[in-house]
Amino acid sequence: MIDNMAKQNHIIANRRPPSRWATRLRLAFHYGDRPWNALTISMAVLTILVMLAIGVLLWRESAGSRSAFGLNFLKPTTDASWNPVSGEFQAWPFIYGTLVTSLFSLVLAVPLSLGVAIFLAELCPEWLRLPLGGMFELLAAIPSVIYGLWGIFVFLPKVVDPVGRFLDTTLGNVPVLSLFFHGPIPASGASLLAAAFILSIMITPTITAITRDVFLAIPVSQREASLALGSTRWETIWKVLIPYGLSGILGAVILGLGRALGETMAVTMVVGNSIGGSLSLLRPGYTMSSIIANEFAEAVSPLHTQALIEVGLILFIITLLLNILARLLVWRVGRGNVQGARA
Amino acid sequence: MSSGTNVWLGTSTKQLIQSRTGYRRRKFTNRIMLTVTALFTLAALAILFWIIIYVVIKGLQYLNLDFFIHLPRPLGMPGGGVLNAIEGTIILTILASLFAVIPGILAAYYVAYNPNTPLGIAVRFGTDVLSGVPSIIIGLFCYALIVKYQGHYSALAGSIALAIIMLPTIIRTTEEMIKLVPHSLREGSLALGSPEWKTAVSVSLPAASQGIITGILLGIARASGETAPLLFTALGNDNYEVGKIIKAGLANHKGIFAILGSIVTQPVDSLPLTLWKYAQQPYPERINQSWAAALVLLIFVLSLNIFTRIWVQVRANRMQGK
């Protein structure tokens, strides 16, 4: 027995010590944890690299356009030139179109989605919340082109055209507002207003989902305290819950704005696609995403391509900043667990 | 006695309080505003059903068998379909899933177990931001990265664009699902002496597999409806027919990889892309076909969504023991 143990100890003591590298290699492949960790970490890094690569590549590919036009590319003017043949490019009409359609769509979508979110989170019975919420997620899941097709053949003639005429005859005569609401709206109804309407439908589910989750994350004690002091339900919602969740709601709105800015297909189909130089919402216009969608595949010169990529770069930077801001706001409320932020 | 005092106090004080605090006005506002929120909800739902019902009615009128089994024919010739677009969509989606699923799951695995390391926070934040990048920008990126480098449009470029769009959805769903796996399972496996990677591959990921599949399906639903990133990566191709390519390849005695290569390296069409092109043409028959395409697309995307959401809900209920 003792002999045996001594023999074993002898064997262990006299075993040739393996080289450092051999040990490392054996450990690594026997246990496999290092390759596994390296693999998961590298895939995690890859997702961040994709983000960086998008920025870097757009920056590099638009170099020619940036050096040729400089800040003149962004200058606000009413008679901007976008001429692929003579090689003069100014992006202001597209920037204006994108900003005005997105902001106007917010004017419509924010009250709508706030109302829906309040209904879903505070008023509707428990059993109805899930199916209703699911339906709003379906609204978000409908592909953009289908919104566009429906927009062209149903929404433009049935809604946008009458509303546009009405706005033309009413707001079109008010001194300052007439700048934005003077007609005539084109016969097809394709206009910046149409794009804004479609966008407001498309971003409502996004804003609703996150706002609802913000409301649901507010502690019940806040509601109870307010109701116990004698507030009505609406006062509780308006004076307690909304201020409490304000940064999250703001985040939701900014996320919606980010989605509106980048939305391409539906907008391209209803916006009218013309560089008119008019400020009016009732006239056809162009947005940054729709000029890229329409012209990129048929760009006539390298400079044209680069100018379009620079438009894309501007769009990327704007949406990136808005998204970072919005996520920070939403994360602060939900501590990184707001499910709806996935919209 | 006491009841009389109560009545006196009750009515008068109540009236006093009500008039001072504008009780009736407040109650009125309450009712109006709550009704307004319900009306808003109804309005939004009405739009949803308006779109769905209109597309279904229009699409059913123009949907027929030819739509699925023929290539597009010149205007005026009856019986054309969009076989090229349907096959293209399938090829693009399969390729995009191949590119997105494994990196997505691995990244999600890292994030799920290291949520608060700098890299974990960066990835969670990065995927959130990536999901907000406009899809047309991702198209531009893939153009600059692949199409410009290769010198031609291809299914490959289109599918990488779609993969980037799927990635955030897959990462986030998988992360949530891995977090739902009970810690005891993982600890049990580790305590038995199996290394981390083996625990991941044979315990954690299989336990979360159903949830991961729903994430992949949601990603597919999102990617298959996208048009913007394909405009200048996949471009479109009226003569794309996988069967013909395979036959031609076999006739020329090409290897399987050469055939697969020729399938993925040429431009392809997809349903949303065809829908977009047809909707802008002034010919009624093209527009009718785009309604049919819209119906097929809508059914595919919505049924994937409904199916996965119900599945997730059933599973969540079962886990809570309901």
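A residue counts as buried if 20 or more other C-beta atoms lie within 10 Å of its own. Keep that cut-off at hand for the exercises below. The model is predicted.

**Exercise 1. Work out the overall build of chain B.**

Task: Find how many helices and strands chain B has, and decide whether chain B is spread out or compact.

Solution. 
- Step 1. Count the elements. Chain B holds 14 helices and zero strands.
- Step 2. For 322 residues the globule rule gives 20 Å, but the radius of gyration of chain B is 28 Å, so chain B is more spread out than a compact globule.
- Step 3. Look at the box. Along the principal axes, the C-alpha atoms of chain B fill roughly 110 × 65 × 35 Å.
- Step 4. Apply the opening cut-off. Of the 322 residues in chain B, 42% are buried.
- Step 5. Check the contacts. Take those in chain B with a separation of 6 or more: 76% of them join residues 24 or more positions apart.

**Exercise 2. Describe the side of chain B that touches chain A.**

Task: State how many residues each chain gives to the contact, and which helix of chain B gives the most.

Solution. 
- Step 1. Count both sides. Chain B gives 72 residues and chain A gives 70 residues.
- Step 2. Find the contributors. Elements of chain B that give two or more residues include helix H4 (83-113), helix H7 (155-180) and helix H14 (284-319).
- Step 3. Pick the top one. H2(B) gives the most, with 18 residues.
- Step 4. Sort by class. This side of chain B has 52 nonpolar, 13 polar and seven charged residues.

**Exercise 3. Locate the buried face of H9(B).**

Task: Name the buried residues of H9(B), and say what covers them.

Solution. 
- Step 1. List them. Thr199(B), Ala200(B) and Ser204(B) are buried in H9(B).
- Step 2. Look down the axis. The buried residues of H9(B) fall within an arc of 100°, so they line one face of the helix.
- Step 3. Find the cover. It includes helix H3 (33-61) of chain A, along with H4, H7 and helix H8 (183-191) of chain B.

Definitions and conventions
Residues numbered from 1 in each chain as written. Chains lettered and ligands numbered in written order. Predicted model: local features only at pLDDT ≥ 70, side-chain atom pairs only at ≥ 80, totals over all residues. Helix = DSSP H or I, 4+ residues; strand = E, 2+ residues; numbered from the N terminus. Rg over C-alpha atoms; globule rule 2.2 N^0.38 Å. Buried ≥ 20, exposed ≤ 12 C-beta atoms within 10 Å, placed from the backbone. Contact = placed C-beta atoms within 7 Å. Nonpolar A, V, L, I, M, F, W, Y, C, P; charged D, E, K, R; others polar. Arc of directions from axis to C-beta.
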